[in-house]
Amino acid sequence: MTQNQLVVRTALALLAFAGNSLLCRLALRSTTLDPASFTSIRLLSAAVTLSALVYLQRKERPTKGDWPSGLALFAYAAAFSLAYVNLTAGTGALLLFGAVQITMISAGYVRGERLSSFQILGLAMACAGLIWLVLPGLSAPPLQSSVLMVLAGVAWGIYSLRGGGATDPLNVTAGNFLRTVPMTAALSAVMLSSLSFNSSGALLAIASGAVTSGLGYAIWYGVLPRLKAANAATLQLSVPVIAAVAAILLLGEQPNLRLAMASVTIIFGIWLVINFKAAVAAK
């Protein structure tokens with residue numbers, strides 16, 4: 001994979017992640033589809049799409065993936081949907097990828113990766129922006145939903161780290177999604193009394209599963225081996241900003257000063273990390 005291909009594929013994956021927030025928020029805000037059904041349809045459609053791609057390419061069924069990764073994927077998807085009942089797309093994405101960042105950077109540090117002073121400063125600013133977002137106040141998001149989204153971020157961070165060494169990302173991703181199917185059935189059984197089907201919401205869940213989840217995660221799995229844990233976590237911090245801007249333009253969500261300032265703080269933190277690394281590489 002060339003450097004240009006790496007950049008393009010990474011950008012596509014990040015756009016897909018932002019699309020997940022928009023599709024989930026739209027389905028839960030504008031239709032009567034419940035979070036458990038959204039999760040089940042999303043994961044099932046992703047499993048079908050990826051399995052079909054594996055078969056079309058190799059004439060075989062998915063044979064890779066593992067149950068711990070499948071469990072992390074399911075935990076992320078379920079907490080993600082439940083949290084978005086009361087969170088805006090931008091706020092949810094900020095909380096999600098802030099938790100992803102902390103999880104992946106912590107793992108990278110344990111594995112021996114070290115950060116320069118400028119990188120530490122940039123990441124500290126990004127974390128400060130996320131903390132500021134959830135501090136008590138009139139524009140603070142609901143605490144329970146915020147906790148759920150943080151848990152979703154931790155689960156996604158674990159899933160990303162487990163996929164960092166995948167040599168066959170499409171097959172692995174398809175296998176992991178297939179393993180979430182029985183878990184979604186259990187979730188629907190537990191939440192049977194609150195299930196509510198809606199065809200428009202189901203179509204949004206299918207789009208989230210087949211396109212922005214299945215294909216997006218397969219692409220992300222493919223670029224992860226070329227990215228250090230700290231770099232991958234930092235890049236994902238651009239997703240909340242993409243989601244927040246798109247939600248304002250496409251969903252009519254109202255911006256607020258706290259979200260705007262938190263986003264600026266996070267972007268500047270990313271800028272410090274990326275530009276310092278580029279300057280070092282140029283010497």
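Author: Start with the group. Phe 17, Tyr 76, Phe 80, Tyr 84, Phe 97, Trp 156, Tyr 159 and Trp 220 make up one aromatic cluster. This is a predicted model: local features need pLDDT of at least 70, side-chain atom pairs need 80 or more, and totals for chains, interfaces and linings use all residues. Residues are numbered from 1 along each chain as its sequence is written, and side-chain values use heavy atoms, without hydrogens and water.

Reader: How many aromatic pairs are there by this rule?

Author: The rule first. Rings of Phe, Tyr and Trp (its six-membered ring) pair if their centres lie within 6.5 Å; planes under 30 degrees apart are stacked, over 60 edge-to-face, the rest tilted. The count by this rule is seven aromatic pairs. Take Phe 17 and Trp 156: the ring centres are 5.4 Å apart and the planes stand at 75°, so this pair is edge-to-face.

Reader: Which helices hold Phe 17 and Trp 156?

Author: Helices here are DSSP runs (H or I, at least four residues), numbered from the N terminus. Phe 17 is in helix H1 (residues 3–30) and Trp 156 in helix H6 (residues 143–162), so the pair ties together parts 139 residues apart in sequence.

Reader: Is Phe 17 buried or exposed?

Author: Buried means under 20% relative accessible area, exposed over 50%, partly exposed in between (1.4 Å probe, protein chains only). Phe 17 is buried, at 4% relative accessibility. Trp 156 is buried too, at 2%.

Reader: What sits over the ring of Phe 80?

Author: A charge sits over a ring if NZ of Lys or CZ of Arg is within 6 Å of the ring centre and within 35 degrees of the ring normal. Over Phe 80 it is the charged end of Arg 42, 5.0 Å from the ring centre.

Key. Helices (H or I, at least four residues) and strands (E, at least two) are DSSP runs, numbered from the N terminus.
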